[in-house]
Amino acid sequence: MAPIVVDFQNEFIFILLCFFTLFCYSVFFRKTKDSQVEFNLPPSPPSLPIIGHLHLLLSVLPHKAFQKISTKYGPLLHLQLFSFPLVLVSSASMANEIFKTQDLNISSRSPLAIDESLLFGSSSFITAPYGDYWKFMKKLLVTKLLRPLAIEKSRGMRAKELGRFYIHLHDKATKNESIEIAKEAMKFTNNMICRMSMGRSCSEDNGEAKRVLELVSQTFALTKKMFFAQVFRKPLEKIGISLFKKEIMDVSQRFDEFLEKILLEHEEKLEEGQDKDMMDFLLEACREENAEYNITRNHIKSLFVEIFLGGTDTSAQPIQWTMAEVVNNPNILEKLRDEIDLVVGKTRLIQETDLPSLPYLQAVVKEGLRLHPPGPLLLRTLQESYETKEVYVPEKTLLLVNVYAVMRDPDSWEDPEEFKPDRFLASSRSEQEEEKREQSLKYLPFGAGRRGCPAANIGSIFVGIAVGMMVQCFDWRIKGDDKVSMEEIVAGLTLSMAHPLKCTPVPRLGPFSI
Ligand code: HEM
């Protein structure tokens with residue numbers, strides 16, 4: 001039977017249909033074997049009939065809903081989405097225990113969308129199970145794009161992008177125009193990701209980066225639907241329904257056309273002696289018959305889609321949040337500026353090579369990421385059962401780590417709700433080592449273990465140079481001179497500001513010639 005493709009405009013009807021279908025599925029199809037076996041499962045808070053704890057995930061801010069129940073019922077909880085089990089980790093000590101003892105066991109994620117889609121489909125890197133394909137792609141990604149030597153090689157390009165960002169802000173400042181920090185930051189991070197990964201195909205004026213940004217935004221607008229399509233996929237497939245397939249495949253198709261064009265350009269244009277970019281290396285691996293893993297064109301395209309999706313908003317949101325914290329805390333702004341003026345001076349623009357000499361700026365960036373991690377919930381799958389004296393969690397259970405709660409855990413952080421960058425400053429080298437060890441166990445904005453973010457270094461550079469430049473070169477006027485509202489919203493895949501930070505830059509130094 002050909003599957004029915006459903007694209008609901010009305011989410012309410014859709015959710016009702018899903019509940020009904022899942023109910024039928026639990027009653028008629030699901031085997032009862034698992035539920036009959038008695039496990040010493042972690043505690044479970046009260047749930048609703050049929051849907052279990054699904055309402056918590058439907059909440060506007062799931063990380064906060066989860067934080068609330070874990071404060072009441074404990075740091076390791078067993079939840080149920082219909083009949084699908086899920087384990088929630090919410091304290092620093094529990095996250096530490098799981099990442100330390102179960103890293104390999106939790107190094108897989110489940111597929112997120114329709115198999116043939118380039119958006120987290122079967123060629124996906126981010127949702128690939130831990131295995132040969134993931135290891136092969138990770139090696140390429142790290143050695144060709146993200147290892148220190150590769151980062152050093154692309155430094156000039158980032159300096160150019162920072163200069164362009166500065167000129168744009170300076171232009172707005174001279175016209176006395178306000179800007180939305182997140183939008184500008186998104187253009188900045190997207191330009192850098194495109195230039196770093198696609199190299200020569202992404203010149204200043206050919207509109208490629210703009211096209212990527214449009215597609216990334218369209219994908220973010222679809223994420224809720226992709227999530228539902230996945231949660232309800234199996235039972236609905238049994239009755240021949242494929243949710244939101246048309247919308248998901250439309251965006252996937254547009255990414256496909258765009259990336260096919262870039263791939264062809266790369267195949268045609270590589271000249272002897274020219275510097276290779278990430279795409280050249282992947283095409284080489286694709287042609288290599290004796291490669292450790294035979295990748296296809298679809299694998300390359302999926303990886304690029306995920307670099308665009310995984311790198312732009314995750315870096316842009318911390319720029320916005322950190323600037324909001326800095327604007328709300330004039331003492332911190334002053335201390336930060338003093339440091340930058342002292343180290344960089346007032347006659348040139350900050351550069352990324354200044355960052356190691358700017359410990360307070362680094363501490364400000366770290367504190368911004370602690371309080372406002374762009375990915376508040378990490379999702380993994382347990383490959384095997386997890387057993388301790390107290391609990392037993394069966395294999396294939398979904399694992400959700402609430403890093404938002406972990407990084408605000410009052411048992412691990414002093415004044416956890418306050419923006420205090422000084423907590424990341426250590427006075428001596430030995431203290432630094434000690435702090436680093438201690439923090440690696442409870443500081444998780446980039447996740448942890450082998451599936452942790454491979455681009456933590458470059459992500460911190462993006463945020464550091466953007467915040468550094470904005471603080472060095474401009475004063476920031478906000479409307480009404482009130483405090484910036486720090487209300488949260490989960491938009492697309494990331495934790496964003498419910499009221500995007502809008503402010504007017506006022507030149508403080510310069511203009512610098514770029
Ligand atoms: C401040 C910026 C960034 C933050 C906060 C961030 C955060 C994260 C987080 C939380 C994860 C999941 C980790 C886990 O499950 O333990 C992740 C994974 C990932 N990130 Fe980032 N990220 C940032 C920047 C970037 C950039 C710039 C890129 C691309 C160049 C990138 C590419 C990826 C990829 C490919 C994965 C999947 C890794 C895997 O499955 O093995 N990220 N990131």
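Two residues are taken to be in contact, or to touch, if their C-beta atoms, placed from the backbone, lie within 7 Å. The structure described here is a predicted model, in which local features need pLDDT of at least 70, side-chain atom pairs count only at pLDDT 80 or more, and totals for chains, interfaces and linings use all residues. Residues are numbered from 1 along each chain as its sequence is written.

By these criteria, Cys453 touches Phe446, Gly447 and Gly459, with residues up to four places away in sequence left out. Cys453 lies in the loop between helix H18 (429-440) and helix H19; helices (H or I, at least four residues) and strands (E, at least two) are DSSP runs, numbered from the N terminus. Cys453 is partly exposed, because 18 other C-beta atoms lie within 10 Å. In this scheme a residue is buried with 20 or more other C-beta atoms within 10 Å of its own, exposed with 12 or fewer, and partly exposed in between, C-beta atoms being placed from the backbone. An unreviewed UniProt entry places the feature "binding site" at Cys453; UniProt positions are given in the numbering used here, feature names are shortened, and annotations may be inferred rather than shown by experiment.

The ligand is surrounded by 25 residues, of which the closest are Gly311, Gly447, Cys453, Ala455 and Gly459. Helix H14 (297-328) and helix H19 (456-473) are the elements that give two or more residues to this shell. H14 supplies the largest share, 7 residues. By class, the shell has 14 nonpolar, 8 polar and 3 charged residues, where Ala, Val, Leu, Ile, Met, Phe, Trp, Tyr, Cys and Pro count as nonpolar, Asp, Glu, Lys and Arg as charged, and the others, Gly among them, as polar.

The chain holds 19 helices and 13 strands. Of its 514 residues, 39% are buried. Among contacts between residues at least 6 apart in sequence, 75% join residues at least 24 apart.

An open sheet of 4 strands has the order S2-S3-S9-S6, with mixed pairing; two strands pair if DSSP finds at least two bridges between them. Strand S2 (76-81) and strand S6 (377-381) are the edge strands, each pairing on one side only. Strand S3 (residues 84-89) and strand S9 (residues 398-402) are parallel and joined by 4 bridges, with Val401 in S9 as the bridge partner of Val89. Helix H4 (residues 62-73) packs on this sheet, touching S2, S3, S6 and S9, and its direction makes about 90° with that of S9. Axes are lines fitted to C-alpha atoms, for helices over the stretch in contact, and angles run from 0 to 180 degrees between N-to-C directions.

A further open sheet, of 3 strands, has the order S4-S13-S10 and antiparallel pairing. Strand S4 (179-180) and strand S10 (474-477) each have a single partner strand, so one side of each is left without a neighbour in the sheet. S10 pairs with strand S13 (residues 502-507) over 4 bridges, and Asp475 stands opposite Val506 in S13. Helix H8 (residues 155-174) packs on the sheet and touches S4, S10 and S13.

Strand S11 (residues 488-491) and S12 run antiparallel, joined by 4 bridges. These strands form a hairpin with 2 residues between them, and Gly492 in the turn has a positive phi of about 65°. Both faces of S12 (residues 494-497) are covered, with Thr494 and Ser496 buried on one side and Leu495 and Met497 buried on the other.

Key:
Near = placed C-beta within 6 Å.
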